[in-house]
Amino acid sequence: MTRILEPGIEDYLLAHCSPADDVLLELAAETRASLPPEYAGMQISADEGALLTLLVKLTGVRYAVEVGVFTGYSSICIARGLQPGGKLLACDVSPEWTKVAREYWTKAGLADRIELRLAPAIETLRALAPDPVIDFAFVDADKIGYPVYYEELVTRLRPGGLLALDNVLRGGRVLAPAEPADRAIAELNDRIVRDARVESVMLPVRDGVTLVRRRD
C-alpha cells in the first residue's frame with residue numbers, strides 16, 4: 001500500500017491512538033502469518049480500527065452493516081462500538097477467511113452481536129427491506145462493486161446515518177485511473193461529491209477513507 005505519510009509519522013500516529021487489545025493483536029498476527037502478503041495486506045490497520053469504533057460510538061449505532069469481512073478485524077471494531085442490544089450484519093463470500101473471523105468474534109465476546117451472511121453482498125443488500133434503518137455501514141470489499149454497494153446502502157441509511165468507504169485513494173491511482181477497479185473508485189468519488197442526499201469528507205487515513213452522512 002502506498003504511504004501517505006513518511007514512516008516516522010505513521011509510527012508516531014499509531015503510538016498516539018488507543019492501542020489494539022490482545023484479541024486484535026493476535027488476529028492481526030495470525031492473518032499475517034497464515035496468508036500471503038498480498039492477502040494479509042487487506043486487513044485494516046489499528047488506527048483505522050480505532051476510528052471505526054469511535055465513529056460507531058459517536059453516532060449511537062444500533063444497526064450496522066459491513067461489506068467485506070475478511071478475517072474479522074473491522075467487524076470486531078464496529079461491534080465493540082454498538083449500543084447495548086446493537087447488531088452488525090456482516091457480508092462476505094469466503095468461508096475460509098470468515099472461519100477465522102468467527103473464531104475471533106467469539107474470543108472478543110461479540111459473536112452474539114454479529115450476523116454473518118455468506119453470499120454475494122449485493123444479493124444480501126438487495127434482500128434487505130428498503131426502509132432507512134441502517135445507522136452505520138462500512139465497505140471494504142471488491143472495488144468494482146463499490147458503486148452498487150453505495151447506492152443500496154445510502155438508500156437504507158437513516159437520516160444522520162454514516163457510511164464509511166475504505167481504499168478510496170487506491171494508492172494514488174485515482175489521479176490517473178487505468179484499471180477497472182481504480183476507475184470504479186474514481187468515478188464513485190466524483191459521484192459522492194455531487195450526491196445531494198449526502199454530505200461527505202475524504203480522509204487521508206491509510207489508503208483513504210470517505211465518510212458519507214445521509215442528510216437529515
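In this predicted model, the axes of helix H2 (residues 22–34) and helix H6 (residues 95–107) come within 10 Å and cross at roughly 165 degrees. Axes here are lines fitted to C-alpha atoms, for helices over the stretch in contact, and angles run from 0 to 180 degrees between N-to-C directions. Helices (H or I, at least four residues) and strands (E, at least two) are DSSP runs, numbered from the N terminus. H2 and H6 are therefore roughly antiparallel to each other, a label given to angles over 145 degrees, with under 35 counting as roughly parallel, 65 to 115 as roughly perpendicular and the rest as oblique. On the H2 side, Val-23, Glu-26, Leu-27 and Glu-30 meet Val-100, Glu-103, Tyr-104 and Lys-107 of H6, contact meaning heavy atoms within 4.5 Å. By class, this contact has four nonpolar, no polar and four charged residues.

Residues are numbered from 1 along each chain as its sequence is written. As the model is predicted, local features need pLDDT of at least 70 and side-chain atom pairs count only at pLDDT 80 or more, while totals for chains, interfaces and linings use all residues; side-chain values use heavy atoms, with hydrogens and water left out.

Turning to the sheet, seven strands form an open arrangement in the order S3-S2-S1-S4-S5-S7-S6, with mixed pairing; two strands pair if DSSP finds at least two bridges between them. The edges are strand S3 (114–118) and strand S6 (198–203), each of which pairs on one side only. From one strand to the next, the twist averages 15 degrees. S6 runs antiparallel to strand S7 (residues 209–214), and six bridges join them.

Helix H5 (residues 73–81) touches strand S1 (63–67), strand S2 (87–92), S3 and strand S4 (134–139), and its direction makes about 170 degrees with that of S1. Helix H9 (residues 180–194) lies across strand S5 (157–166), S6 and S7, running at about 135 degrees to S6.

A search of the whole structure finds 17 salt bridges, each a side-chain nitrogen of Lys or Arg within 4 Å of a carboxyl oxygen of Asp or Glu. One of them joins the side chains of Arg-197 and Glu-151 (3.0 Å, N to O). Arg-197 lies in the loop between H9 and S6 and Glu-151 in helix H8 (residues 146–154), so the pair ties together parts that are 46 residues apart in sequence.

Conventions
Ala, Val, Leu, Ile, Met, Phe, Trp, Tyr, Cys and Pro count as nonpolar, Asp, Glu, Lys and Arg as charged, and the others, Gly among them, as polar.
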